[in-house]
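Let's walk through this structure together, starting with a term that will come in handy. Please have the model open as you read.

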Amino acid sequence: MGSREEIVAAAAKVMREQGYAHATTKAIAQAAGYSEALLYKHFKDKTEIFTSVLTEQLPALGTTLDELMETAAEAPLAANLARLARITLSFYLESFPIAVSLFSSRKLLATHRERVKSRQSGPDVPLARVVEYLREEARLGRIREGADLEASASLLLGACFQYAFLASFEDREPPGDELDEWAERLAGTLLGALVVSGDTG
């Protein structure tokens with residue numbers, strides 16, 4: 001593992017423990033065993049470290065969506081939706097404790113918002129990607145014509161986010177079988193809104 005990867009791994013640990021707002025670059029560098037100077041050779045600022053943590057250290061929501069776009073027809077729609085719900089649950093469960101401290105300060109949030117917008121890496125990206133995946137399922141004829149794909153994507157992401165919020169509030173780490181069951185239930189509910197009765201893809 002190179003210095004960049006070690007810094008990102010250390011940042012994930014520090015941000016989970018302290019939240020984004022309190023995870024200083026100094027603390028991240030110390031946890032990684034490097035100087036701040038080396039940290040800034042790899043990253044422009046803490047926002048870039050944060051986005052690297054989201055894409056490299058947390059459950060791979062983006063990678064899963066890439067794979068679903070390429071292999072959607074190889075599995076039933078219900079199975080694809082359950083897989084997407086499961087990885088989304090894991091992603092939000094891991095990222096919520098890190099990101100929640102952004103909302104502790106309007107100034108901090110505004111600064112972070114401008115930085116992620118300039119890099120096209122804001123929280124709106126998962127919604128756009130899920131809609132894109134659902135369009136692929138519709139192209140394959142597995143989603144009924146006229147289904148509201150953006151609303152469906154929002155329901156999936158919103159339900160997963162709410163689940164992660166409650167788990168974080170309760171300081172609870174849900175077991176894997178509970179996450180699997182919830183993902184299946186969520187997928188089944190979405191399926192009822194997306195397909196013609198009796199057709200499960």
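A salt bridge here is a side-chain nitrogen of Lys or Arg within 4 Å of a carboxyl oxygen of Asp or Glu. With that in hand, look at Arg16 and Glu94, whose side chains meet in such a bridge at 3.0 Å, N to O. What you are viewing is a predicted model, in which local features need pLDDT of at least 70, side-chain atom pairs count only at pLDDT 80 or more, and totals for chains, interfaces and linings use all residues. Residues are numbered from 1 along each chain as its sequence is written, and side-chain values use heavy atoms, with hydrogens and water left out.

Now step back to the domains. The assignment, which is automatic or from a database, gives domain 1 (4-46) and domain 2 (58-194). Their centres, taken over C-alpha atoms, lie 26 Å apart. Eight residues of domain 1 and eleven residues of domain 2 take part in the contact (heavy atoms within 4.5 Å).

How much area do domain 1 and domain 2 bury between them? The value is about 810 Å², with 56% of it on carbon and sulfur atoms; buried area is the accessible area (1.4 Å probe) that two parts lose on being put together, summed over both. On the domain 1 side, Arg16, Tyr20 and Asp45 supply 64% of the area buried against domain 2, more than any other three residues. The count of salt bridges between the two domains is one.

Finally, an unreviewed UniProt entry lists residues 24-43 as "DNA-binding region", an annotation that may be inferred rather than shown by experiment.
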